[in-house]
Amino acid sequence: MDPYKFTPSSKYNSNHWTTNSGAPVWNNNSSLTVGTRGPVLLEDYHLVEKLAQFDRERIPERVVHARGFSAKGYFEVTHDISHLTTADFLRAPGVQTPLITRFSTVIHERGSPETLRDPRGFAVKFYTREGNFDMVGNNIPVFFIRDGMKFPDMIHSLKPNPKTNVQEMWRAMDFFSHVPESLHMFSFLFDDWGIPYNFRHMEGFGVHAFKLINKGGKETYVKFHWKPSCGLKFLLEEEAVIVGGTHHSHATQDLFDSIAAGNYPEWALFIQTMEPSMEDSFDFDPLDDTKTWPEDQFPLQPVGKMVLNKNIDNNFAENEQLAFCPGIIVPGIYYTDDKMFQTRIFSYSDTQRHRLGPNYLMLPVNAPKNKHHNNHHEGFMNFMHRDEEVNYFPSRYDPVRQAEKTPLSQNSYSGKREKAIIKKENNFKQAGERYRTFDPARQERFLMRFVGVLTDPKVTDEVRKAWVFYWTQADRSLGNKLAAKLNMPAIQSGM
């Protein structure tokens, strides 16, 4: 018998039951007892192992993005951007890279309906020849906040009330009444956009500005956009109630069934690019994740396409244990000084180490598919086979060398330590511009969604006044309509 032939895989299942340690189980129906009736003996190792394993089947669910589903596929470059980046997977048209994508809802728990008004996660893990690249985005191009210091409080406000265990929007309205930067995000969330028809009919965005770095070291700011080939579709409230009441996993089912039928979902990847020298040329901060870049000034440029053509084999192994982190990048792609981006670089990997353990990147779905090597070893559930005698660097006994140097971001910094708000907040302009693109019926639906949450008896007049003020700054007519619906005086300022 070759002791290394059988690896942990159902591919090597025996034709009879065994314990986890491989011992044969001749009776998987009855406990070991004294006589036929009882009592059960603690020495029944198989029974104890079976129950103990069952008791530990669930791992901590994600604090956010708990509800979601994954699919596998590939990314193919269709347009040459090698002048912008040294990233190997973007080196030339025709290059294909395997990937796995996870779609999710953000706030609600693992078993929640997929028809709730909530941002959707849109995360893609590229298995490149230079290691993994995680593009961890959403279906909305902006975010609620621009500083990670607010993130725990923001999520607490959106999660269920710790006393009633019910999501109560008066709490969110209270919190965000102190956060005017959230207005642009709400112009999407409380729009029809807030409930996608399913995963196949929604866009994806990298949200943050990234850097692309070419072989000469030139840096270019970039934003990523995913456009679905089947177009955008949304559910209105009445439709969402019917769909969610009929099948609370409708988006998961749709994605799985479409792939199984050979109707492979496809998204085109576009980028917007900006020269860093232009950074101070606008009335907003281009690295502010609550802002979009105007497409008339920064047109979308095609890069490639993502095709999801294979369903996952096991939900736990390839969805529940699938882990993303914005800090996982490849040479030629780098972070910017977006404060929220910088925070997520730490936070995401930290939560995965808590949820899955320090060796979560060894799990097959998270592990890179290229050859890799380091001295990060041991720790809980480390299952990598090692036979080296040298586990330190440098060493004259270990031939492993450092990798070839790749171009790095060359930003230089000077300044004093501060806890401060960015200079160009401009919290209202883009929210108002977006509202004014809606037709009258869509504007009315948007208005009434805000009226609905602000007429909650627990929402105070002070909170209502803040929201009327904010929306008046974004669009005077919207602010006046909201004030009238709430039986409040209009704010005599704004646009």
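Modeller: A residue counts as buried when its relative accessible area is under 20%, and as exposed when that area is over 50%. The model is predicted. Start with Glu114 and Arg67. They form a salt bridge, with the closest N and O atoms 3.5 Å apart. The pair links distant parts of the chain, 47 residues apart. Glu114 is in the loop between strand 2 (96-105) and strand 3 (120-128). Arg67 is in the loop between helix 1 (45-55) and strand 1 (68-77). Glu114 is buried because its relative accessibility is 3%. Arg67 has a relative accessible area of 8%, so Arg67 is buried too.

Now take Asp283 and Lys429. In this salt bridge the closest N and O atoms are 2.8 Å apart. Asp283 lies in the loop between strand 8 (266-274) and strand 9 (301-311), and Lys429 lies in helix 9 (residues 429-435), so the bridge ties together parts 146 residues apart in sequence. Asp283 is partly exposed, at 39%. Lys429 is partly exposed, at 35% relative accessibility.

Next come Asp313 and Lys310. Their side chains meet in a salt bridge at 3.3 Å, N to O. Asp313 is exposed because its relative accessibility is 60%. Lys310 reaches 38% and counts as partly exposed.

Some bridges share partners. Arg117, Asp191, Asp192, Glu237, Arg434, Arg442, Arg445 and Arg449 are joined this way into one network. The count for the model comes to 32 salt bridges.

Definitions and conventions: Residues are numbered from 1 along each chain as its sequence is written. This is a predicted model: local features need pLDDT of at least 70, side-chain atom pairs count only at pLDDT 80 or more; totals for chains, interfaces and linings use all residues. Side-chain values use heavy atoms; hydrogens and water are left out. A salt bridge is a side-chain nitrogen of Lys or Arg within 4 Å of a carboxyl oxygen of Asp or Glu. Helices (H or I, at least four residues) and strands (E, at least two) are DSSP runs, numbered from the N terminus. Buried means under 20% relative accessible area, exposed over 50%, partly exposed in between (1.4 Å probe, protein chains only).
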